[in-house]
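Here is a friendly note to read with the model open beside you. Take the points one at a time and find each place in the structure as you go.

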Amino acid sequence: MLIPITTTHHAISLPETFQGQGKNQENYRAQSLNHFLTKQLSLGFFSSSREAFQPKPTFPDSSHVTERVTDHDIRDILEIEASELESPLSLSENDNLQFVRRVQIARGMEEPQNQAQEQGPLQGAHHFTIREATLLSSDQRKINNYYLSTSRHETALSILESRRVSEAHLESVDREPLPKCHPQTRQELRQRLINWLLNTHGGRQRLMLWLRGPAGAGKSAVAQTFGEFCQKEKVLGAAHFFSRSDEPRSSHKGLIPSIASQLAKQHGGYRRQVAQILTDDSSILNKTLRIQFQKLIVEPFNQLLAEEPDIDSQRPIVIIIDGLDECSSEEAQVELINLIGNYAEKSLHWPLLWLICSRPEDHIKRAFAERLDQPIAQEDQEEITCDGENDKKDVYIILQEELANLRRRSSDWYSGPNPRHIPIAWPPEDKLRRLGYLVGGLPVLASIVIRFIDTPYTDADVQLETCTRFLEHQPTSVNPLQKLDALYLYIMNQVSDDILPITKLIISFCIVLASKPWHEKIYYASDFGTFLGIDKNTFYRALQKVNSVIDVPLWDQAHRNQIKIFHKSFSDFLLDEKRSGRFALDLAETELAIAKLAIRHYNLLNQGNCKLPDGSCPFKSKEAASKITPTTLVPDILDAKQVCKFVRMNFWDMLCISDTKKTSLAEALRTFNFCHLPYVPINKREEKGIPQFMQWITVNNSDPHKSTLIRSRPLTELDKYHFDQCSEQPPLQDQFPADIGERRYTYTFISSHRPSDRAITKTTNMAFWIGEGHRAVLGTLSGRGLAAQQG
């Protein structure tokens, strides 16, 4: 802290260590002052315009040095770093002049020659008395004014210091244990950050960089490790780590004061500027984020550039803001991105480098994209993943190292009656690899597993086995992942109840889609919205709060970027009702929803097969759409070609759902237009899918003669009409063959909506009817398996 030297016309008042006694007091005082000045000058001065000078070890006689004190002297020499003193010094006017003389000599200033004595207003006056007066020379007045100014600056800086959030700093004890990257992990990412810092090979395209990644991917560890590197290189200006679980760290109100306070300690010129600004108006600290940013960030650095345009701009100042998504105000998050982004674009002459770390929440992604007025480019962001091969290798290294550490210190921990004795070769390589495979590439999951295995007074090998069994979905007596569940529960609780069913449908569709051996799958967000029949606004509102666990592209990239769950642990959590509660997913219900949607879409796709005159088909829309019309998810994308292909290739497979939902699907099939099915399957996938569907729908059909959905005998007048119109009447059977699901069977469909397709081949072995009312169609089944059965 800067402590001013207070001047008066009274005798000097020194700390006890500088005070003498008796008749030698004056000599001792002079020696002490000389010692004090020597010590202070050896520390150097706080100066923004020049390097601190190195004083000479001794002072020459000052009797020939000028007693004039310039403004330049006052400004440069009186800001003394006196932090080691217990109290301020009070010096007399003569002491101040001696101090100035010694400083001038130490700086190597030339001695003025034969200056004329200054003429005062009482020059030559005599025979008068002045009582109880305080007399100050003009030089003394300048010094006292500066002392007053310095005192006010220190008061302003003290107020700033009181507003900082020390808990959010880089080395705050409140953040222990500090997250850090293992030296062998995230190496490529950390090197790219260093290249950005040092501008190696033009690695710095922007002054603001967004480090994004899913929940638990290790963003804070990367930010901490990079911050410590910057601190070592003496380029760290400030660091602020948000946390929603800590009230001071969750608020945006302390962010700018914290950054300003840290910058003031690192940069002298900035300290002088911000001190003057707060001296003029300390109420800035109570004003809006925008005003604080302008007054405490923009204006001080602009003023420094104006005063010293040749200032070295090659050495950057790094400011790190981690966990922006954990700031309690989404509006403040977006505003901060805009403030920093706009300033970074205009401040090319002073490289303040901003690293912002956060989850890829929807509003944050949109803020970055809208600021750039284009999709977020690679040079504007760095992404931490958790599903790549390098991610899995990194997590394996963490598991291996931490379990080895546990083994090494086990004997130190348990010296009591139940010590833990872990074999030197623990854990076996096969167990470690098995655990590494199950944990995958998510660092937070690895950390939680390690903590569980490391539970005091437990058998480490039993704990390891419990974790492994739990991750393999085997029954266990405890849940090792309670802390991970708490994280996922917090995320899901942010979704409003009115939109939660849509959120769960989209997530469960992702899971089902990934688990099925379907062909021509859809991956893009636009295709998801089209298939699920969800408009753009609803789709994005449903996923707005889960961007930290699901990779959701912005709407203008929805037609070319995949939507996916970041890590399998989130799916596992949602599929376990005991862990996720009301957020649990029912995949059987999801499969039923998918089947119903497929029926609706396939009805549209097959309308072109109807050959009845226009307007005469009750099941054909007036528009006679031959393809699925996309939703408004991406307004400029008018083609749903991939969704059409996906439905055509997998329709019959989508109908083969769990038996628990069979009754519900049978009801939905009553609205399916079997009458619009093509005469023969149009692709190999349909040839394979139809037998599987026939197997599914005929199982447990107790009365195939009278079933209204699928039957082996004609039941209605339309059924009889179809049978009579065949070129040759196909054989009738009492039962469907037991192996009807075998692919060797082939099918044809004869409908009154296609009068020309009525041929019956000699290999036809069985007729059946499927569908209700006027939606029904006559099907024929042919195959050597059936012929052998009949024979």
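**Notes on the fold and some local details**

1. Let's begin with contacts across the chain. Among contacts between residues at least 6 apart in sequence, 76% join residues at least 24 apart. Please keep in mind throughout that this is a predicted model.

2. Next, the overall make-up. The chain has 791 residues, and 50% of them count as buried. Its secondary structure comes to 28 helices and 13 strands. The accessible surface is about 38800 Å², and carbon and sulfur atoms account for 49% of that area.

3. Now look inside. The largest nonpolar core holds 108 residues, and I453, F531, F570, L665 and L669 have the most contacts within it. Helix α18, which covers residues 500–515, supplies the largest share of this core, with 9 residues. Another core lies apart from it and has 70 residues, including L236, A239, A264 and L278.

4. Helix α25 (residues 662–669) packs against helix α26 (residues 684–698) at an angle of about 115 degrees, and their axes are 11 Å apart. The crossing of α25 past α26 is left-handed. On the α25 side the contact is made by K662, L665 and L669, while α26 brings F693, W696 and I697. Sorted by class, the contact of α25 with α26 has 5 nonpolar residues, 1 charged residue and no polar ones. If you wonder why an angle and a distance are both quoted, it is because two packed helices are described by the angle between their axes and the distance between the axes.

5. Which residues does E591 touch? Leaving out residues up to four places away in sequence, E591 touches V512, K516, M654, I657 and S658. E591 sits in helix α23, residues 587–605. Is E591 buried or exposed? With a relative accessible area of 17%, E591 is buried, because buried means under 20%.

6. Please find the two cis peptide bonds described here. One joins E176 and P177, with omega about -5 degrees. P177 belongs to the loop between α4 (138–163) and α5 (187–198). Another cis bond joins W426 and P427, where omega is about -10 degrees. P427 is in the loop between α13 (389–413) and α14 (429–439).

7. Stay with the loop between α4 and α5 for a moment, as R186 is found there too. The phi of R186 is positive, near 50 degrees, and this residue is not a glycine. What is the relative accessible area of R186? The value is 12%, so R186 counts as buried, the cut-off being under 20%.

8. Last, compare that with E520, in the loop between α18 and α19 (525–532). E520 is not a glycine either, yet its phi is positive, at about 50 degrees.

Methods:
Residues are numbered from 1 along each chain as its sequence is written. This is a predicted model: local features need pLDDT of at least 70, side-chain atom pairs count only at pLDDT 80 or more; totals for chains, interfaces and linings use all residues. Side-chain values use heavy atoms; hydrogens and water are left out. A nonpolar core is a set of buried Ala, Val, Leu, Ile, Met, Phe, Trp, Tyr and Cys residues joined through side-chain atoms within 4.5 Å. Buried means under 20% relative accessible area, exposed over 50%, partly exposed in between (1.4 Å probe, protein chains only). Helices (H or I, at least four residues) and strands (E, at least two) are DSSP runs, numbered from the N terminus. Contact means heavy atoms within 4.5 Å. Accessible areas come from the Shrake-Rupley method with a 1.4 Å probe; for residues, only the protein chains shown count as cover. Axes are lines fitted to C-alpha atoms, for helices over the stretch in contact, and angles run from 0 to 180 degrees between N-to-C directions. A crossing is left-handed if the near helix is turned anticlockwise from the far one by less than a right angle, and right-handed if clockwise. Ala, Val, Leu, Ile, Met, Phe, Trp, Tyr, Cys and Pro count as nonpolar, Asp, Glu, Lys and Arg as charged, and the others, Gly among them, as polar.
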